[in-house]
Amino acid sequence: MMSNSKVTTAQIDAAELSFDDFKLIVLNDYKIAVESRQASILGRREVLTGKAKFGIFGDGKEVAQIAMAKAFQKGDWRSGYYRDQTFAFATGISTIKEFFAQLYANTDVAAEPASAGRQMNCHFATRSLNEDGSWKNLTDVKNCSSDIAPTGAQMARLVGLAYASKLFRQNPELSYLKTFSVEGNEVAFGTIGNASTSEGVFFEAINAAGVLQVPMAISVWDDGYGISVPAKYQTTKEDISEILKGFQREEGTNGYEIYKVKGWDYPGLCEIYQKAIDVCRTEHVPVLIHVTDVTQPLGHSTSGSHERYKNADRLNWEKEYDCIAQMRQWMIDSAIATEETIFAIEEEAKKFVRETQKEAWNEFLSVIKQEQSDVINMINAFANDKPHLAKIAAQLASAPDALRKEVISAARKAIRQSIAQPSAERDQLVGWYQKQIGLNEDRYNSKLFTGGKESPFLVEAVDPAYSDNSKMIDGRELLNACFDANFERDQRLVAFGEDLGNIGDVNQGFAGMQAKYGELRVTDTGIREMTIIGQGIGLAMRGLRPIAEIQYLDYLLFALNILSDDLASLSYRTKGGQKAPLIVRTRGHRLEGVWHSGSPMGVILGALRGLHICVPRNMTQAAGMYNTLFRGDEPALVIECLNGYRLKERLPENVGTYAIPLGKAEILRTGRDLTIVSYGSTLRLIEEAAEELMTLGIDVEIIDPQTILPFDTEQLCVQSLQKTNKLLVIDEDVPGGGSAYILQQILEEQKGYYYLDAKPRTLTAKAHRPPYGSDGDYFSKPSVDDIIEIVYQMMNEVNPGRYPGIY
């Protein structure tokens, strides 16, 4: 057998199978289970001997996961956690060789297709995209959304993966998307450990799926612990299915079908999974399968032993009720196999896994060994009588299994320590290293965004068009017209959020849209920010174009874990293998009060690299950004100005088609004395301040970056500094928040420090949240008076004779 071949499980249909056929299926399942266990044992050993950094494995869950795999069909989706290796092997989502390639962090996507070495082992993913970023046929493969390590966080995305099937089944306008769904028959399989069901996102997702009535199948692997913490400290009644009984559907009501089965009971597991998934698939009813009596024979991970916290009785019980041991005995008792047959399978599995591991290790090292040899030879070529250089080469040569960092570090050190001895041989090493910079950028730092043929940066910029008849309307009406035009154009667009559907959102941007396009496309949700975002991620991964509404920017913090851990890292952690072009719509900045006027841009900038962050100053700009994003395929956050919905703007005649490019800053006012950079609502105050500043003899230039990520790609800010030589950044975030990022971009990235003849300044909100009322706003956020006086102070510092002190 080839080491990277796939050995998958088969369904058991008692009505059609002969006993001999049945035996073959069972023996094959046992083979998969034993191979998976051996992979866990050997993988743990590889970590403890230093070949890999960390290991976490699925031992103890092999039999249950084989039963689950039997019900998993092409087109279905998995959103699981890092214990599902047997399921991955049994479905063909991964091979044992790929499992070891991931353990060693092999950066070759052909060897490690889940993440190209960017995630630790047992973090599985299938590749949904072609090399150019276009979609593959997702109905022809078994799909696995990319795993993440934060416990419970996979639940949010799972809701969306299941919800997509409901939309595909119930909305005939989507029937043309034949490579994404077959009439909505796909089930979204989720897995979670019993301890992680204590997470808030678990309960939020369970409730959301019950409300939505979607084909979501949750398996809870229950081993009675969360690392060392037993269930009595984790779960009320120590039983998650017991406390979820209220979700059990009854005649005439929505809800779940809840099942309970032992993790070592092979026939019982096969029966339960077939029954549960049939209900889930055909009736679009969520199901929960609580798999109890699960063991964890190797402990939680390679970081420690479970002997530290489990007593002798528990350890003896786990040995007896190990699922493989129980399946082995059941096969003997049922005359399916003899001891000799089983022993032969076990020995062959050990041999196969060991050979596969060695092959994966050798393939991982082969490229690095060549790099190691090349560097040693190049250093020695100019070391000559220089012992310090010869020592670098010798140290590198003495490392039998050197990693790439050791090779590159040796090359850099040799280059540094030979600065004073230029030679053709040294130049060869320098050239080699410079080439490696690009290769390693691709290996370790690429694909923060998909960058495919549908990139929003490839959307052609189109200016808004006006005529003499263009009406002045409220900003909210302009947005509404934009959304209406795009929903008419693209049936994939759906929008959902709190108060979005019936009333058209709290600021009326979606007014009348639900009545026109139906509840499947414009939908109200409960108050559940994490699963609103997860709903969007899952839909976007299945080819739809969701807009997830978060009512206020402050509330984004409730979903920050899902946005940061899942959405923002998706393209990167799969090296462009998956994408989720979700648009997150919210509103923020100036209002009044602690909870509705936040501008946590520093938090957002730190947490959401991997999203485009759009900060339009008005609704005309916002609509143009939406038009661009709807035609691209990358995720974004759009922060509308909360106090701009009732301000009048001209309605463009091409409201659904004009497109504002991402990263393109705009000069709102030209000036000669000082450059002010700001965004969003504050720009209106700056423009007002500029008028009074002119009466004081100060002519400021105002720049709106329009998007913070990316920031001013044409470098208008530094061009302005070449003229004014003075910089002020104004921001509604706390001191050192968003303003610090903008300074870094202008002074460091754009090299703006070259042109300064005065200290760059920032004007921000206070360190606290703004208190309630107009006075609270005035005394805690930048005001027109603050702007005028800080600009004047900067001019006073440069030329006190012309600009004497105010106070």
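Where does Ala116 lie? I found Ala116 in the loop between helix 4 (96-103) and strand 2 (143-144).

**Ground rules.** I am working with a predicted model, in which local features need pLDDT of at least 70, side-chain atom pairs count only at pLDDT 80 or more, and totals for chains, interfaces and linings use all residues. Residues are numbered from 1 along each chain as its sequence is written, and side-chain values use heavy atoms, with hydrogens and water left out.

Is Ala116 buried or exposed? Ala116 is buried, because its relative accessible area is 0%.

Lys575 is in the loop between helix 19 (570-573) and strand 13 (583-588). Lys575 counts as buried, since its relative accessibility is 16%.

Next I checked a peptide bond: Leu709 and Pro710 are joined in cis, with omega about 0 degrees. Pro710 belongs to the loop between strand 20 (707-709) and helix 23 (716-724).

**Entry on the whole chain.** I counted 26 helices and 22 strands; helices (H or I, at least four residues) and strands (E, at least two) are DSSP runs, numbered from the N terminus. The radius of gyration is 30 Å, close to the 28 Å that the globule rule gives for 807 residues, so the chain is as compact as a globular protein of that length. That radius is taken over C-alpha atoms, and the rule is 2.2 Å times the number of residues to the power 0.38. Along the principal axes, the C-alpha atoms fill a box of roughly 100 × 90 × 50 Å. Of the 807 residues, 60% count as buried.

**Entry on surface patches.** A patch takes residues with over 30% relative accessible area and no salt bridge; like charges are joined within 9 Å, and nonpolar side chains (Val, Leu, Ile, Met, Phe, Trp, Tyr) within 5 Å. Areas come from the Shrake-Rupley method with a 1.4 Å probe, and for residues only the protein chains shown count as cover. A salt bridge is a side-chain nitrogen of Lys or Arg within 4 Å of a carboxyl oxygen of Asp or Glu. Lys and Arg count as positive, Asp and Glu as negative, while His and the chain ends are not counted. Each charge is placed at NZ of Lys, CZ of Arg, CG of Asp or CD of Glu.

Which residues form the negative patch? I listed Glu687, Glu688, Glu691, Glu692, Asp785, Asp786 and Glu789. Helix 22 (682-695) and helix 26 (784-798) are the elements that give two or more residues to this patch, and helix 22 has the largest share, with four. Glu789 sits in helix 26.

The positive patch gathers Lys391, Arg412, Lys413 and Arg416. Helix 13 (residues 404-416) gives the most, three residues. Lys413, in helix 13, is partly exposed, because its relative accessible area is 33%.

Last, I noted that Tyr753, Tyr754 and Tyr755 make a nonpolar surface patch of about 350 Å². Tyr754 is in the loop between helix 24 (738-749) and strand 22 (761-763), and counts as exposed because its relative accessibility is 54%.

Terms used
Buried < 20%, exposed > 50% of the residue type's maximum accessible area, 1.4 Å probe, protein only.
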